[in-house]
Amino acid sequence: MSNARSAVRPSALSPDVSFREVWAWSMYDFANSGYTTVVITAVFSAYFVGVVAGNQPWATFAWTAALSISYALILVTGPLVGAWADAHAAKKRLLLFSTVGCVAFTALLSLVQPGNVALALALIVLSNYFFGAGENLIAAFLPELADSRAMGRVSGWGWSFGYVGGLTALAICLAYLLATGRPSAETVPGTMLITALFFALAATPTFFLLRERAVPQPTLDKPWARVLQTLKASERYRDLRRFLVCILFYQAGITAVIALAAIYAEQAMKFTMRETIVLILVVNVTAAIGAFGFGYLQDAIGHVRAVALTLVGWIAMVLIAGTTQSSAGFWLAANLAGLCMGSSQAAGRAIVGYLAPPARVAEFFGLWGLAVKAASIFGPLTYGALTLIFAGNHRLAIFATGIYFVIGLALLKGIDVERGRRQALG
């Protein structure tokens with residue numbers, strides 16, 4: 001994009017995009033973050049280990065295995081869904097389908113009672129699968145909305161709004177838990193209905209206001225052939241390919257933290273569920289600030305430097321969380337994780353949008369989803385396996401996740417995003 005056009009369009013939006021439409025796009029991040037915050041991170045994960053599975057030694061591993069199965073399904077189908085969406089200009093239709101699926105199976109989690117291990121795991125696999133499919137599809141709208149040199153800040157707006165959504169959903173659930181006056185274990189099922197309703201209502205503006213700008217590409221109506229063609233031609237997009245490998249590693253650590261934060265707080269730090277919810281409420285504020293502010297910093301200092309800075313922060317977080325014995329130390333580590341979480345995820349999505357060929361955006365975001373979901377398989381599973389092998393040693397498990405951030409930081413070397421952008425446009 002020329003400097004002249006950037007000067008004329010300081011808002012950083014594409015010429016036919018209004019802020020109302022960007023708001024509608026961001027509302028989906030606002031809506032679906034309620035699911036990850038309440039179900040995966042703060043409430044249901046700890047409920048499953050402590051109540052549904054009765055604190056059995058295998059409980060954490062079972063939880064991570066269920067998540068890994070769902071991510072494996074997304075890994076296999078994500079690029080195909082993206083290719084089909086490109087061929088039929090159907091991102092929005094598929095997004096609606098995935099949203100309905102996630103909302104329905106989240107609501108069904110309210111039926112899970114102590115001992116219903118198989119039911120809980122099956123519903124987690126299904127709800128998380130539909131969540132992940134929708135996450136890929138909403139991300140593919142980003143290059144249609146933002147100026148190519150401002151994807152960092154626009155992606156940051158979305159992630160920031162998303163953390164506000166997670167904060168809002170979790171606050172509503174906490175208010176419900178406090179209002180009932182009953183033990184948390186008895187009221188957790190009700191929070192699943194609250195989360196499902198929150199997702200459905202908050203996502204509604206997205207489907208009314210966000211436009212599908214893509215045009216059908218009927219010559220590309222064979223998803224398997226299209227994906228294989230993309231993989232075969234990946235040599236042409238070497239910077240994007242290297243960054244996807246980088247994501248594969250550092251996202252493994254991020255996903256482990258997201259999926260196991262409440263479990264670590266309760267098992268290693270002996271937090272109560274209410275203390276854990278309050279902690280994660282505050283962390284969501286930190287994450288929202290990180291996502292919003294870091295988007296601007298990313299556009300100012302460069303994509304690679306921005307991601308490197310966040311990975312250093314993640315490594316510091318692991319060292320603090322794994323060694324501290326105090327509540328204050330864990331609060332420090334958790335908020336550092338929140339700051340890095342918002343910024344690193346916003347930065348990663350923006351880089352993929354910047355390096356993806358414009359005519360094949362949904363497909364390449366499918367590959368992004370493939371990398372993220374592959375990481376989501378072995379990241380939490382590593383943590384869960386170590387707690388199973390070493391008799392519930394959660395501190396050892398979190399140190400192991402730190403290795404993934406170190407590898408990701410090493411892989412950043414050699415990535416040239418401007419060269420990659422030229423390759424995408426060539």
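User: Why does Leu396 count as partly exposed?
Analyst: Its relative accessibility is 33%. Buried means under 20% relative accessible area, exposed means over 50%, and partly exposed lies in between (1.4 Å probe, protein chains only). At 33%, Leu396 therefore falls in the middle class. The model is predicted, so local features need pLDDT of at least 70 and side-chain atom pairs count only at pLDDT 80 or more, while totals for chains, interfaces and linings use all residues. Residues are numbered from 1 along each chain as its sequence is written, and side-chain values use heavy atoms, with hydrogens and water left out.

User: What makes the group with Leu396 a nonpolar surface patch?
Analyst: Trp58, Leu388, Ile389, Phe390 and Leu396 make up the patch, with about 470 Å². Patches take residues with over 30% relative accessible area and no salt bridge; like charges are joined within 9 Å, nonpolar side chains (Val, Leu, Ile, Met, Phe, Trp, Tyr) within 5 Å. Leu396, at 33%, passes the area cut-off. Areas come from the Shrake-Rupley method with a 1.4 Å probe; for residues, only the protein chains shown count as cover.

User: In which helix is Leu396?
Analyst: Leu396 sits in α16, residues 394-411. Helices (H or I, at least four residues) and strands (E, at least two) are DSSP runs, numbered from the N terminus. By that rule the protein has 17 helices and zero strands.

User: How do you know how compact the protein is?
Analyst: Its radius of gyration is 20 Å, close to the 22 Å that the globule rule gives for 426 residues, so the protein is as compact as a globular protein of that length. The radius is taken over C-alpha atoms, and the rule is 2.2 Å times the number of residues to the power 0.38. The C-alpha trace spans about 60 × 40 × 40 Å along its principal axes. Of the 426 residues, 59% are buried.

User: What makes the largest nonpolar core a core?
Analyst: A nonpolar core is a set of buried Ala, Val, Leu, Ile, Met, Phe, Trp, Tyr and Cys residues joined through side-chain atoms within 4.5 Å. The largest such set has 131 residues. Phe44, Phe48, Trp63, Phe243, Ile247, Tyr250 and Trp314 have the most contacts inside it. Helix α11 (residues 238-267) gives the most to this core, with 16 residues.

User: Why is Val352 called buried?
Analyst: Its relative accessibility is 1%, so it counts as buried. Val352 belongs to α14, residues 327-355. Beyond its neighbours within four places in sequence, it is in contact with Leu240, Phe243, Leu244, Ile247, Phe364, Phe365 and Trp368. Contact means heavy atoms within 4.5 Å. Val352 and Phe243 are 109 residues apart along the chain, yet their C-alpha atoms are separated by 8.1 Å.

User: What makes helix α3 largely enclosed?
Analyst: Seven of its nine residues (44-52) are buried, so the rest of the structure largely encloses it. The buried ones are Phe44, Ser45, Ala46, Tyr47, Phe48, Val49 and Val52. Just after α3, Gly54 takes a positive phi of about 60°.

User: Why is Ser70 called buried?
Analyst: Its relative accessible area is 0%, so Ser70 is buried. Ser70 lies in α4, residues 59-88. Leaving aside neighbours within four places, it is in contact with Val125, Asn128 and Tyr129.

User: How do you know that Arg213 and Glu21 form a salt bridge?
Analyst: Their N to O distance is 2.7 Å. A salt bridge needs a side-chain nitrogen of Lys or Arg within 4 Å of a carboxyl oxygen of Asp or Glu. So 2.7 Å qualifies. Arg213 is in the loop between α9 (184-209) and α10 (223-232), and Glu21 is in α2 (residues 19-42), 192 residues apart. Arg213 is partly exposed at 22%, whereas Glu21 is buried at 3%. Glu21, Arg211 and Arg213 are linked in a network of salt bridges.

User: What makes Glu135 and Lys373 a link between distant parts of the chain?
Analyst: They meet in a salt bridge at 2.6 Å, N to O. Glu135 is in α6 (residues 117-139) and Lys373 in α15 (residues 361-389), 238 residues apart. Both residues are buried.

User: Why do Arg182 and Glu186 count as a salt bridge at 3.5 Å?
Analyst: The N to O distance of 3.5 Å is within the cut-off, so the pair qualifies. Arg182 is partly exposed at 38%, and Glu186 is partly exposed at 49%. The whole structure holds seven salt bridges.
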